[in-house]
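Take a look at the model below.

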Amino acid sequence: MTATATATIAAAVLVAWLFAVASPTAFNVTPISFDGGYTPLFGERNIVRSPDGRTVKILLNQYSGSGFISSALYYHGLFSASIKLPTDYTAGVVVAFYMSNGDIFEKNHDELDFEFLGNIKGKQWRIQTNVYGNGSTSRGREERYQLPFDPTAEAHHYSILWTSSTIIFYIDEIPIREVVRSEAMGGDFPAKPMSLYATIWDASNWATSGGKYKVNYKYAPFVSAFSHFILKGCRLDPIQQLPAAEQCRLAEAETAISDYAMMNVEKRVAMQRFRQHYMSYSFCYDELRYPKLFPDCNVAESEKDRFWNSGDAKIQPRAVVRRRRWNSRRDRVRSRIDFNEHDEE
């Protein structure tokens, strides 16, 4: 058996072990249709809905990217979507699923991000999460990860839990990151109502190897499919004059006792294992960019030894690479945009 085959088998065993330990079950939340909670934001001609309205594909081509936004502002809750990423050469492409209020608070906005960064052929997509509060963009709390699966082969669930005291990022109901509010964080913890966004766009100037590799529109259109939409939060009524906290008292009480808001022992073990094996960068260990440690960083010396002072892991995680042959460019394009595929499930 070759070294490559051995490494592939070892990676598969690790993935199975990680997910088996977590014993994830789907959150007990009913998904909604696209029109039940979202509306196009830009590039409407590049937004393709399935006949049943349960799946939406957003496209990037040489003319435009595209994106959609929630129809309402939300104050805390669980926000989720199943996402399938573009395949083939995707350098320079960014797909994002995130919360923000930047259109309302331009200078002191809040933001919670899932960002997916494309790559060259043979290299896997990377994912990063970020937390901004009160315009703290100069103090970005980025973390980056490889994924223990191929995100272009099928859709996976990506969820953000946001409460008054904690933020949890989930992948397939497994927590990968938790941010606990503390007095020392001050206004860096997001605290104002936000909208949900999903976008695909050309970020050639930074997304892949610092801008070394650009979007190549020979491989366009780049298509990302979104489905299984969850907007389980306090939807603010713009007519009511009550503060958000008062409008949302009952909804927050419901969230507090939900399964997705509770971090039990199994979830913590699964989160630690994911981070140990798949986290490739952490702002907490980036002493070059941030000489002063952030107050929300709980640094363990044993974990710190795994990272350079640039925040990058000394041993980068191995990604899952899926190789697929296309008979022609026409086949590739048809596969990307045809809703007769089974990727809306």
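With which side chain does the side chain of Glu111 make a polar contact? The partner is the side chain of His109, at 2.9 Å. Keep in mind that this is a predicted model.

Why look at Glu111? An unreviewed UniProt entry lists Glu111 and Glu115 under "active site". Glu111 lies in strand E7, which covers residues 111-117. Glu115 lies in strand E7 too.

Consider burial next. Glu111 has 14% relative accessibility, so it counts as buried, the cut-off being under 20%. Glu115 also counts as buried, because its relative accessibility is 14%.

Now look at the surroundings. Beyond its neighbours within four places in sequence, Glu111 is in contact with residues including Tyr98, Asn130, Tyr132 and Met194. For Glu115, with those neighbours left aside in the same way, the contacts are Val95, Ala96, Arg126, Ile127, Gln128 and Trp206. One of these, Gln128, also makes a side-chain polar contact with the side chain of Glu115, at 2.7 Å.

Move on to strand E11, residues 166-171. Its 6 residues are 6 of 6 buried, so the strand is largely enclosed by the rest of the structure. Both faces are covered. Thr166, Ile168 and Tyr170 sit on one side, and Ile167, Phe169 and Ile171 on the other.

E11 pairs with strand E10 in the antiparallel sense over 5 bridges. A hairpin of 3 residues joins the two. E11 also pairs with E12, again antiparallel, over 6 bridges. That hairpin has 2 residues between the strands, and Asp172 in the turn has a positive phi of about 50°.

Phe169 ties this together. Its bridge partner in E12 is Arg177, and Phe169 is itself the bridge partner of Ile160.

Notes:
Residues numbered from 1 in each chain as written. Predicted model: local features only at pLDDT ≥ 70, side-chain atom pairs only at ≥ 80, totals over all residues. Heavy atoms only, no water. UniProt positions renumbered as here; feature names shortened; annotations may be inferred. Helix = DSSP H or I, 4+ residues; strand = E, 2+ residues; numbered from the N terminus. Buried < 20%, exposed > 50% of the residue type's maximum accessible area, 1.4 Å probe, protein only. Contact = heavy atoms within 4.5 Å. Polar contact = N/O pair within 3.5 Å; in protein donor to acceptor, adjacent residues only side chain to side chain. Pairing = 2+ DSSP bridges.
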